[in-house]
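Please look at the model below with two topics in mind.

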Amino acid sequence: MIYTLTLNPSIDYLVNVDDFTLGKVNRGISDNKFPGGKGINVSRVLKNFHKDSICLGFIGGFTGEFIDNFLKSTGVKTDFIKVSGDSRINVKIKSSKETELNGSGPEVSNDDLNKLFDKLDDLNSEDILVLAGSIQNSLPSDLYLKIQKQLKLKGVKVIVDTSGKPLLDAIKLKPFLIKPNNHEIEEIFNVEISNSDELIYYGKKLVHMGAENVIISLGGNGAVLITENKVFKGNAPKGIVKNSVGAGDSLVAGFLSEYIKDKNIVNAFKMGIATGSASAFSTDLCTKNDAINLLSEITIKEI
């Protein structure tokens, strides 16, 4: 089974405004509400691919109920831990420029955290766990590392999609896959990167530091996959970017949907590019057909 962990889920409230002006009353022309969070996005796309997963994390209040009910209504399995506070609401205003106001989320007690570790203790070598998103201030900054330590001897494959110190910590225990972007790599190594060759160089360093596989998006230039002794590059399909939110999470979901078939990491990488691009070309997270329609445009080459 695939498990996704979203520590701080949200309701993402998307509002379209013709001409957003700060300090004035702005009237939306349309709006939508979706459950938000990187792990949740992965699970939603996996369901679009007819692949089951279980969402883990902390939810609370009426907002938490909305998140849980929405996911269940679409067939996504959940096993959230309910906390005393309300799950956060993130407001995303789409106008000539995009403006976001993200809530802080509820406090998570030690008892709540122990409940999470109890759930994770049931995972085994047949399972995959996706650790996605930032770690809120009420939780230990090395939480992902602690989770990996718990699961290391169980043989669980762990995918880590975060940044900064939590990512550096996670690399120490050899995660199966990490997916940093160029800004996150610059932050880790305190450098400025100007081309794809430099990205690949630092991606290889991440492998040497412990990551089994590294995928780095190159935006309109595609993406690279770096393994222990090989580097693969895939081009980006053509399309109009409508929404970048969730594209990276979709890449992870597409990768997993293909990888669990036959463990072919190159085919999984190709599907990941297609899925990430398909979500970028959509107003919401992509469907399976959206991604499959792009596969023929993508070529993977070893470099």
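The report below takes the packed helices in turn and then goes on to the pockets and the cavity.

This is a predicted model, in which local features need pLDDT of at least 70, side-chain atom pairs count only at pLDDT 80 or more, and totals for chains, interfaces and linings use all residues. Residues are numbered from 1 along each chain as its sequence is written, and side-chain values use heavy atoms, with hydrogens and water left out.

**Packed helices**

Two packed helices are described by the angle between their axes and the distance between the axes. Helices (H or I, at least four residues) and strands (E, at least two) are DSSP runs, numbered from the N terminus. Axes are lines fitted to C-alpha atoms, for helices over the stretch in contact, and angles run from 0 to 180 degrees between N-to-C directions. A crossing is left-handed if the near helix is turned anticlockwise from the far one by less than a right angle, and right-handed if clockwise.

| Helix pair | Angle between axes | Distance between axes |
|---|---|---|
| H8 (residues 247-262) and H9 (residues 265-280) | about 145 degrees | 7 Å |
| H1 (residues 38-48) and H8 | roughly 45 degrees | within 8 Å |
| H6 (residues 182-189) and H7 (residues 196-209) | about 65 degrees | 11 Å |

H8 and H9 make a right-handed crossing, and the residues in this contact (heavy atoms within 4.5 Å) include Ala247, Leu251 and Phe255 of H8 and Ile265, Phe269 and Ile273 of H9. By class, the contact of H8 with H9 holds 10 nonpolar, eight polar and one charged residue, where Ala, Val, Leu, Ile, Met, Phe, Trp, Tyr, Cys and Pro count as nonpolar, Asp, Glu, Lys and Arg as charged, and the others, Gly among them, as polar.

H8 also packs against H1, and the crossing of these two helices is right-handed. Lys38, Asn41, Val42, Val45 and Leu46 of H1 meet Asp249, Ser250, Val252, Ala253, Leu256 and Ser257 of H8, a set that divides into six nonpolar, three polar and two charged residues.

H6 and H7, in turn, cross in a left-handed way. Here Asn182, Ile185, Ile188 and Phe189 of H6 meet Leu199, Tyr202, Lys205, Leu206 and Met209 of H7, and seven of these residues are nonpolar, one is polar and one is charged.

**Pockets and cavity**

On a 1 Å grid over the protein atoms alone, a cavity is a set of points where a 1.4 Å probe fits but cannot get out, and a pocket is an open set with protein on both sides within 12 Å along at least five of seven lines; lining residues have an atom within 4 Å of a point. Grid points are joined across faces, edges and corners, and a volume is the space filled by probe spheres set on the points.

The largest pocket holds about 1100 Å³ of space, and of its 46 lining residues Lys38, Ser244, Gly246, Ala247 and Gly248 are the closest to its centre. H9 gives the largest share of this lining, five residues, and the lining as a whole has 13 nonpolar, 24 polar and nine charged residues.

The second largest pocket holds about 180 Å³, and its lining includes Met1, Asp52, Tyr259 and Lys263.

The structure has one cavity of 30 Å³ or more, with about 150 Å³ of space in the largest cavity. Asp12, Phe34, Asn243, Val245 and Asp284 are the closest to its centre among 14 lining residues.
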